[in-house]
Each structure stands twice: as structure tokens, then as C-alpha cells.
Amino acid sequence: MGRGDGRVYELLRFGARDGGETTVYLVRHPLSATRTSVVCFPEPTRLDHWCARERRPEAIVAGFFVREPHRPLGEVRIAGDAVAHEPIAEPWGARRGCVHVVDGSVRLAARAELGERPPGDLVMAGPPCSSETGAR
């Protein structure tokens with residue numbers, strides 16, 4: 001369903017192998033009108049409250065975290081600087097899927113494809129991703 005501003009919303013139902021179902025909410029944003037960046041909260045924060053306070057109409061949770069002490073699970077970089085995080089065990093860390101944002105350009109890639117100190121914002125956001133498996 002379109003909203004007249006280029007955004008398209010879809011709701012999909014998927015059947016799981018165990019007989020259960022899950023719902024996936026999909027929003028497509030027009031690239032020309034979308035700004036992307038990574039924000040790392042120092043403690044658990046309700047995203048809807050943050051969006052209202054910061055006057056951001058939409059945001060998504062991109063990564064995972066561990067508790068005690070609260071920190072991202074997997075690498076996070078803001079403006080090229082690494083945030084304190086719990087590393088992903090090798091060999092999986094280098095294969096982990098990342099969202100990488102540089103000057104508004106968004107790329108999805110395995111961590112190993114992004115270099116040792118990638119510029120811009122980065123979050124390890126997904127399962128292993130590599131050209132060997134064809135997953136992207």
C-alpha cells in the first residue's frame with residue numbers, strides 16, 4: 001500500500017518448518033528521500049519514545065546486544081569510530097552481514113569486504129553473508 005510520498009508498506013505471512021507462522025512488515029523507502037545513519041544507545045531505549053523525542057518519523061533496530069554490561073553484539077562504527085562491543089567469534093565475524101553507510105550511500109556486505117577501518121557508519125546486522133554462499 002502506497003502513502004503518496006513514495007513509501008510502500010507490505011505485510012507478509014510466512015509459514016515456518018515447525019508449522020508456525022511469522023509476520024514480516026516491509027517498508028520500501030525512496031532512496032532519494034531517505035537519510036540513513038547508525039545510532040548506538042548507551043542503554044536499552046524504547047525506539048518509539050526516541051523517535052518522538054528526536055522528531056524522527058521512522059527508525060529500525062538493526063543489530064543485537066548483550067546485557068551486563070549493555071553493549072552491541074558485533075561491531076558498530078559511528079563516523080568511522082568503533083563503539084565498545086562484544087566481538088562475534090571467528091570465523092563468523094568476518095562473514096557477518098553488515099549495513100555500511102557512507103555519505104548517505106547504503107551498502108550491505110560481509111564484514112571482511114569492508115576493510116579494517118571502514119569510514120562512515122557500520123552495524124553488524126545479520127547472519128553470515130558472503131559471495132561464496134551467494135547470500136547478499
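## Exercises on a predicted model

The lining of the largest pocket splits into 29 nonpolar, nine polar and nine charged residues. The model is predicted.

**Exercise 1.** Describe the largest pocket: its volume, its lining and the elements that contribute to the lining.

*Solution.* 
- Start with volume. The largest pocket holds about 1700 Å³ of space.
- Next, count the lining. It has 47 residues, and the closest to the pocket centre are Ser-37, Ala-59, Ile-60, Val-61 and Ala-62.
- Then assign elements. Two or more lining residues come from each of these: strand S2 (21-28), helix H1 (47-54), strand S3 (64-66), strand S4 (71-73), strand S7 (96-102), strand S8 (105-110) and strand S9 (121-128).

**Exercise 2.** Work out the secondary-structure content and the order of the elements along the chain.

*Solution.* 
- Count the elements. There are two helices and nine strands.
- Read them along the sequence. The pattern is β-β-α-β-β-β-β-α-β-β-β.

**Exercise 3.** Find the residues of the largest nonpolar core, then look for another core.

*Solution.* 
- Take the largest core. Its six residues are Ile-88, Cys-98, Ala-109, Leu-114, Leu-122 and Met-124.
- Look apart from that core. Another one has five residues, including Val-38, Val-76, Val-101 and Val-123.

Note on methods: Residues are numbered from 1 along each chain as its sequence is written. This is a predicted model: local features need pLDDT of at least 70, side-chain atom pairs count only at pLDDT 80 or more; totals for chains, interfaces and linings use all residues. Side-chain values use heavy atoms; hydrogens and water are left out. Helices (H or I, at least four residues) and strands (E, at least two) are DSSP runs, numbered from the N terminus. A nonpolar core is a set of buried Ala, Val, Leu, Ile, Met, Phe, Trp, Tyr and Cys residues joined through side-chain atoms within 4.5 Å. Buried means under 20% relative accessible area, exposed over 50%, partly exposed in between (1.4 Å probe, protein chains only). On a 1 Å grid over the protein atoms alone, a cavity is a set of points where a 1.4 Å probe fits but cannot get out, and a pocket is an open set with protein on both sides within 12 Å along at least five of seven lines; lining residues have an atom within 4 Å of a point. Grid points are joined across faces, edges and corners, and a volume is the space filled by probe spheres set on the points. Ala, Val, Leu, Ile, Met, Phe, Trp, Tyr, Cys and Pro count as nonpolar, Asp, Glu, Lys and Arg as charged, and the others, Gly among them, as polar.
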